[in-house]
Amino acid sequence: MKKYSSLILGALGLAALMSGCQPKSKTTGNGALTSNAAERVYVNPGEHDEFYAFISGGFSGQMSVYGLPSGRLFKVIPVFSQDAEKAWGYNEETKPMLNTSHGFVPWDDAHHPDISQTNGELDGRYVFINGNNTPRIAKVDLSVFETTEIIEIPNSAGNHSSSFVTENTEYVVAGTRFSVPVPQRDMPISEYKGNFKGALSFISVDPEDGGMDIKFQLLMPGFDYDLSHPGRGASHGWFFFTTYNTEEANTLMEVNASQNDKDFIAAVNWKKIEEYVNNGGGKKMPANYAHNVYNEETHTATSTMKKEVLVVDPTEVPGAVYFLPTPKSPHGCDVDPTGEYIVGNGKLSADLTVHSFTKMLAAIESEKFDGDAYGIPILKFEDVLAGTVKSGGLGPLHTEFDGNGNAYTTFFISSEVVKWNVGTWEVIDRQPCYYSVGHLMIPGGNSRKPFGKYVVAMNKITKDRYLPTGPEVTQSAQLYDISGEKMELLLDFPTVGEPHYAAGIAADIVKERSKKIYELSKNKHKYATTSDADVRVERNGKEVHVYMSMIRSHFNPDNIEGIKVGDKVYFHVTNLEQDYDVPHGVSMIGANTSELLIMPGQTETFVWEPKQVGVWPFYCTDFCSALHQEMQGYVRVSPAGSNIDLKWSLGE
Amino acid sequence: MKIVLKVITLFFSIVIISCGGKEEKKKEGFSVDRQKTPTEKPAETTSTADVAPASTRIDLSNKGVGPITSLTLPAEIDEALAKKGEETYNQMCLACHRVGKKFIGPAPNNILERRSPEWVMNMILNPEGMVKEDPLAKDLLTEFNGAPMANQGLTEEQARSVLEFFRTLK
């Protein structure tokens, strides 16, 4: 032993010596890593991070909650994918949340979180996030950090230019990536051109309860609508969408969608369309889409199929939509904090194109058009151009702003973040990313008031950056300090799934509102047992309902007899705790479902269909107290047709 | 090894019997023949050994640890308040405290003959602090198998109504 420790000590010493001898230039291998980086991301034990970061899980379908600058993971909020840990999509209460017009869909591809705003500033009430595959928009309520609403988007496919909010969260916007036949019908794919449509959906958000409803869908020409952002300040009332595949190709897109020298940014005056719609404009068309709402008092979700949607033909609302030519299949579409500049990142270009809102209005005023596309006027490129950022990078994707007159753009191909000045278009600094950066995020970076302290770059590829974990390795985020002239890399941290985008906010805005418990007195669950006096088991034919309570550290009842093979047993379990951070879990041997994880004051339900005679145990799955291991019970299962009476008890 | 055999036998007999759906009558449990070894008592515990269990001990001067430092009860019981208290009790307390019966925790009957009203209020409002600092609450935790009283987040007003309900229990 002694021998080993001295060996280890020796090795450590040698390593220290060697690293101490490395020349300063060696640090370039760590990019901009500065010597006191650890100190600057270190949050003392028991202290809180300065920012929340809500990072999309991409193909995981979920959204994870991190602290900045520490990069610590706090929670993975289930959104579009079933999550056995939290019974999301498994328990009877949340199954309806994943209902769609295609039936129950247990997964989606979660892309772009965006935090609700008031007067163009983040208000921290909700995070919206889009499901890309089976088009949906979800709303996460930040008082509970749970998904409380999901609305499906009809006439849409590849819901990608979503889910961005307007300045006062009047709307959350969902644009289609794929254009499709509207309405859907049986037709040859080759007849795409001129026949398919791209729907841009404006979903109103109730200012009181946050309820979502599709106000209208703008049926645009059959391009691909890639990303979008709202106007703000002077440009409030407008929304900007990048397009590609203005070629309207339907095959070999890599080549065929990259033919035009310029595609468009579509500028949509949604206020004008709103007015048109409020005056009876637009057409109601038959549709079929799910609207799923989780009720915080019944702890239960409902799914309603909606049968109609209001569609608007843009050519029927003069002055509502214009096209701004933008080079090379633009991807990101970002608006600076003042609302004056609209940045289009031509992903096949080296340069960034910046349009001016003022110039756009002037060009519209003087009606200087460069023709039209399907009746939508095309403005002249030179007339709307504010400037070009000649970056020298390759493959620009996304831009965020620090609120101090600087913009930060990611370059996928050259794998870097480039800082540039808004106005002079000069490049100020560039730092490498490891590797192939997609989105980036500055907390509040797409609002009137960014918190310009950090930028988080989200990388698609990590290769050698972490310990290998077989062929599949983690995606990652990288934290840079942007408070100085030069960006400084402080931290790498792994992410859950693929981090397509993130939204960040000062923790103080959110944390005071974070709920600690669900009040038992407000529990309106249909099968709640809010007092131990109401504990019971009821049989209705083969259906058995167990009204069960739980508290440290027992279930009531904990002995149940009279269950028979072939029964369908509903366990409705209420957590009677009213103390912070005392959830209980429950699981039943052989149940063909997940556990339940029940927060204080909450009721959840799982179904068990016993198939075998015997005495079967259940237990608490979340370590709750010193007597957690005692938190268990038995159910006696008798053969079908036996005459054992239904009986339940605790402590008898 | 013998025990394992016994367990296996017991298990199979249960399996066999349960198939018939009949109630089984068997010798319950097991007993240990050897004498319980007397726990070694440190010299100074001779006095505490004679002390009654915390649940029956009477201490009307201890006000406990928590927000309530002084509380005078009127002579008359406020029935309306007690009724409210009973509702709160049924929702928040019943899972562990049963009237007239030792359950997870002690029964609340005649509690004011053993404790001061302040102590009862503080136990409801500040169970974590009480278990840490109040000698009676500490002993109660041991007596009740280490099951700590849960903080059910009652307001002072609610706790007061529960106390009034306790006064009606004989």
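Two residues are taken to be in contact if their C-beta atoms, placed from the backbone, lie within 7 Å. The structure is a predicted model, in which local features need pLDDT of at least 70 and side-chain atom pairs count only at pLDDT 80 or more, while totals for chains, interfaces and linings use all residues. Residues are numbered from 1 along each chain as its sequence is written, and chains are lettered from A and ligands numbered from 1 in the order in which they are written.

Along the sequence the pattern reads α-α-α-α-α-α-α-α. Of the 170 residues in chain B, 29% are buried; a residue is buried if 20 or more other C-beta atoms lie within 10 Å of its own, exposed if 12 or fewer, and partly exposed in between. Among contacts in chain B between residues at least 6 apart in sequence, 76% join residues at least 24 apart.

Two packed helices are described by the angle between their axes and the distance between the axes. For helix 3 (residues 79-92) and helix 8 (residues 156-167) of chain B, the angle is about 105° and the axes are 7 Å apart; axes are lines fitted to C-alpha atoms, for helices over the stretch in contact, and angles run from 0 to 180 degrees between N-to-C directions. Helix 3 and helix 8 of chain B are therefore roughly perpendicular to each other, the term for angles of 65 to 115 degrees, where under 35 is roughly parallel, over 145 roughly antiparallel and the rest oblique. Residues of helix 3 in this contact include Leu81(B), Ala82(B) and Tyr89(B), and those of helix 8 include Val162(B), Leu163(B) and Phe165(B). By class, the contact has six nonpolar, four polar and four charged residues. Here Ala, Val, Leu, Ile, Met, Phe, Trp, Tyr, Cys and Pro count as nonpolar, Asp, Glu, Lys and Arg as charged, and the others, Gly among them, as polar.

Between the chains, 27 residues of chain A are in contact with 19 residues of chain B. On the chain A side, strand 36 (543-551) and strand 37 (554-556) are the elements that give two or more residues. That side has 10 nonpolar, 13 polar and four charged residues.

Chain A also holds an open sheet of four strands, in the order 30-31-32-33 and with antiparallel pairing; two strands pair if DSSP finds at least two bridges between them. Strand 30 (437-441) and strand 33 (488-494) stand at the edges with a single partner strand each, so one side of each is left without a neighbour in the sheet. The twist averages 25° from one strand to the next. Three bridges join strand 30 to strand 31 (residues 454-459), and Leu440(A) stands opposite Ala457(A) in strand 31.

Leaving aside neighbours within four places in sequence, the contacts of Val456(A) include Ala53(A), Leu440(A) and Ala502(A).
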